[in-house]
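Here are my notes on this model, point by point. Please keep the structure open while you read.

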Amino acid sequence: MTRKPFIAGNWKMNTSLEEAPALAGAMVEKVGSVEGVDLAVCPPFPYLASVGKALAGSKIALGAQDIFYENNGAYTGEISAAMLKDVGCAYVICGHSERRHVIGETDEMINRKVLKCVGDGLKPILCVGELLTERQADETIEVVSRQIHLGLEGVSSADLTDVTIAYEPVWAIGTGVTATPDQAQEVHAMIRRLLGEIYDDATARNVRIQYGGSVKPDNAGELLTQPDIDGALIGGASLKADDFAKIISAANNANNANKR
Ligand code: PGA
């Protein structure tokens with residue numbers, strides 16, 4: 001079974017009322033009918049609806065940057081699965097490193113978010129990745145394994161088909177420093193082995209594992225041709241339609257090269 005590459009743009013806390021649909025419109029023009037790669041963009045919450053309109057009829061799906069795991073009620077500031085579905089979201093980023101390390105989300109909260117997504121028909125992108133100090137202390141495998149185990153607790157192998165994993169070494173996010181293709185591939189292969197142990201090999205072979213962290217047009221090709229890298233979660237470069245389109249074309253080429 002081949003894994004179709006999946007490229008998602010995480011706009012983080014960027015763009016404005018005017019810029020967000022304009023950026024989405026520019027992306028639709030450039031890559032809105034691409035067939036060989038699954039695509040999504042994740043704008044800030046206030047712009048989900050207008051970006052959704054700009055994406056309508058294209059192949060680019062809408063995603064959210066976060067979710068809350070309760071249905072409704074007294075949770076000031078939070079956003080429910082039903083609200084995200086109302087505005088047309090298909091994907092949700094869960095446990096992004098900025099939410100783990102800046103906002104203080106725990107593995108348990110992230111797991112509840114992942115379970116909420118799969119239970120309510122949304123597709124989670126579960127982010128994992130080690131800090132620089134953890135890499136330097138040789139703890140990468142331990143940290144990423146813990147995040148995968150705890151993040152996926154209670155997720156059935158049937159539900160895992162809707163889950164994407166994004167490996168994003170924290171030291172590579174927004175820093176301009178990318179993991180080398182070998183460094184990334186090593187962790188991706190470890191994640192797939194681990195999924196094989198938690199579930200089974202056939203299930204693990206079908207899970208898409210994105211790489212994230214300073215992916216740019218000039219390094220996307222060599223990352224995306226690695227055997228266990230099935231796409232990318234793009235921050236900075238997803239704010240420029242041209243760069244995003246170039247990365248998507250690298251993913252398309254990697255796929256056409258029939259690496260798997
Ligand atoms: P970056 O962000 O591409 O700007 O490094 C990636 C991410 O945080 O998802």
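1. Start with the largest pocket. Its lining includes Asn-10, Lys-12 and Met-13, then Pro-44 and Phe-45. Gln-65, Asp-66 and His-96 also line this pocket, together with Glu-98, Arg-99, Val-102 and Ile-103. Bear in mind that the model is predicted.

2. Which helix gives the largest share of that lining? Helix H4, residues 97-103, supplies four residues of the largest pocket. By class, the lining has five nonpolar, three polar and four charged residues. The space in the largest pocket is about 330 Å³.

3. Now the second largest pocket. About 270 Å³ of space lies there. Its lining comprises 17 residues, and those nearest the centre are Thr-161, Asp-162, Asn-206, Val-207 and Arg-208. Two helices deserve a mention: H8 (157-160) and H10 (201-206) each contribute at least two lining residues. The classes here are five nonpolar, six polar and six charged.

4. Next, the ligand. There are 13 residues around it, and Lys-12, His-96, Glu-168, Gly-174 and Ser-214 come nearest. This shell divides into four nonpolar, seven polar and two charged residues.

5. Which atoms of the protein lie close to oxygen atoms of the ligand? From Lys-12, a polar side-chain atom lies 2.7 Å from a ligand oxygen. From Ser-214, a backbone N or O atom lies 2.7 Å from a ligand oxygen. From Gly-236, a polar backbone atom is 2.9 Å from a ligand oxygen. How much of the ligand does the protein cover? On its own, the ligand has 280 Å² of accessible area, and the protein covers 96% of that.

6. Look at the backbone of Lys-12 too. This residue sits in the loop between strand S1 (6-10) and helix H1 (19-31). Its phi is positive, about 50°, although Lys-12 is not a glycine. Most residues other than glycine have a negative phi.

7. Where is Thr-15? Thr-15 is found in the loop between S1 and H1. Its phi is positive as well, at about 80°, and Thr-15 is not a glycine either.

8. Last, the aromatic rings. The count comes to four aromatic pairs. Phe-68, Tyr-69 and Tyr-75 form one aromatic cluster.

How values were computed. Residues numbered from 1 in each chain as written. Predicted model: local features only at pLDDT ≥ 70, side-chain atom pairs only at ≥ 80, totals over all residues. Heavy atoms only, no water. Near = heavy atom within 4 Å. Polar contact = N/O pair within 3.5 Å; in protein donor to acceptor, adjacent residues only side chain to side chain. Areas by Shrake-Rupley, 256 points an atom, 1.4 Å probe, with all protein chains shown as cover. Nonpolar A, V, L, I, M, F, W, Y, C, P; charged D, E, K, R; others polar. 1 Å grid on protein atoms, 1.4 Å probe; cavity = no way out; pocket = protein on both sides within 12 Å on 5 of 7 lines; lining within 4 Å. Points joined across faces, edges and corners; volume = space filled by probe spheres on them. Phe/Tyr/Trp six-rings, centres within 6.5 Å; stacked < 30°, edge-to-face > 60°.
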